[in-house]
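Biologist: Please show me the protein, and then let us go through it by question and answer.

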Amino acid sequence: MAAMNLSSSAHTTTTSSSLRLLTASRTYTSPKSLLCFHSTHIKNLSFFSFPSSVSLKSTHTIKTRRPLLSLVVSALGKLSDMESVPVPPESDAVSAVFPPASGVYAVYDKNGDMQFVGLSRNIQSSILYHQKSVPELCASIKVGVVDNPDRSALTQAWKSWMEEHIEVAGKVPPGNETGNTTWVRQAPKKKADLRITPGRHVQLTVPLEELIDRMVKENKVVAFIKGSRTAPQCGFSQRVVGILDSEGVDYESVDVLDDEHNGGLRETLKRYSNWPTFPQVFVNGELVGGCDILSSMHENGELSGLFKK
């Protein structure tokens, strides 16, 4: 990432630090202002627009009622100048070629026709998804990384590439047409929570502890949580559901607060697992632990290995 200096003489240079405004007596630095250009010099400052609350005067003073500078610059080259990179057929190779960075990307089919322009907080992850979902349309990619972007910078970068393509082709890419969902990542449908009994009125023919034992041994991963997986009723349960979802593991969930279908479950489960709190997560019939243990294993990578066993 390169930064640009603006002085009263309107001379521009590049530095390795964040965007700065230089005056005769002081140097002002804006940590929120980021700039990243492929070129090292910019001669036409009319490209940039300053908010009305910021003024540059010949007296070398800056007046502002808000943060010193709120200049948003799209850190991007022209679409036509970017190199088209072939998409490898293997997922591991995709991870090695494309960055897990924020920015925009353009997808081309095997004939070189653009199919889609997207923006993403993780370009690598988005390309992996497209490679799996529409491999026949995802032959090569142009990538433009936007360093430390906010929503406005990402949107502006995407808009600039779209406008450039439309100017040449006369139309938007097929994947960006209204109603086209080919390139949109669909949220996975949430599974229903498991229930111990059909209802409070049903008389159990086997002890509740035996039903718990069957449940954790017949299902690879079972999470006993407060609330449902779609609406956890405590922060710890919400965290556990988020971890399991992010790991992409197929798991079952049981609402320990559902007294209608899981009456008596909380106290019985505490005795069964010898664990006093909830949530409780079982893998391959064995208790892994609660939120703290699951969080720690998730952060150091142990959880993925456990799920693969």
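Predicted model: local features only at pLDDT ≥ 70, side-chain atom pairs only at ≥ 80, totals over all residues.

Biologist: How many helices and strands does the protein have?

Modeller: Counting the runs of each kind gives the answer. The protein has 8 helices and 14 strands.

Biologist: What share of the residues is buried?

Modeller: A residue is buried when its relative accessible area is under 20%. The protein has 309 residues, and the buried ones make up 42%.

Biologist: Why are the buried residues of helix H4 on the same side?

Modeller: In H4, residues 208-218, the buried ones are Leu208, Leu211, Ile212, Met215 and Val216. They are on the same side of H4 because they cover an arc around the axis of only 125°.

Biologist: Which residues are exposed on the other side of H4, and what covers the buried ones?

Modeller: On the other side, the exposed residues are Lys217 and Glu218. The cover over the buried residues of H4 includes helix H6 and strands E11, E12 and E13.

Biologist: Asp255 is in strand E12. Which side chain of opposite charge is nearest to Asp255, and how far away?

Modeller: Asp255 is buried and has no salt bridge. A salt bridge needs a nitrogen and an oxygen within 4 Å. The nearest side chain of opposite charge is that of Arg266, at 6.9 Å.

Key:
Residues numbered from 1 in each chain as written. Heavy atoms only, no water. Helix = DSSP H or I, 4+ residues; strand = E, 2+ residues; numbered from the N terminus. Buried < 20%, exposed > 50% of the residue type's maximum accessible area, 1.4 Å probe, protein only. Arc of directions from axis to C-beta. Contact = heavy atoms within 4.5 Å. Lys, Arg positive; Asp, Glu negative; His and termini not counted.
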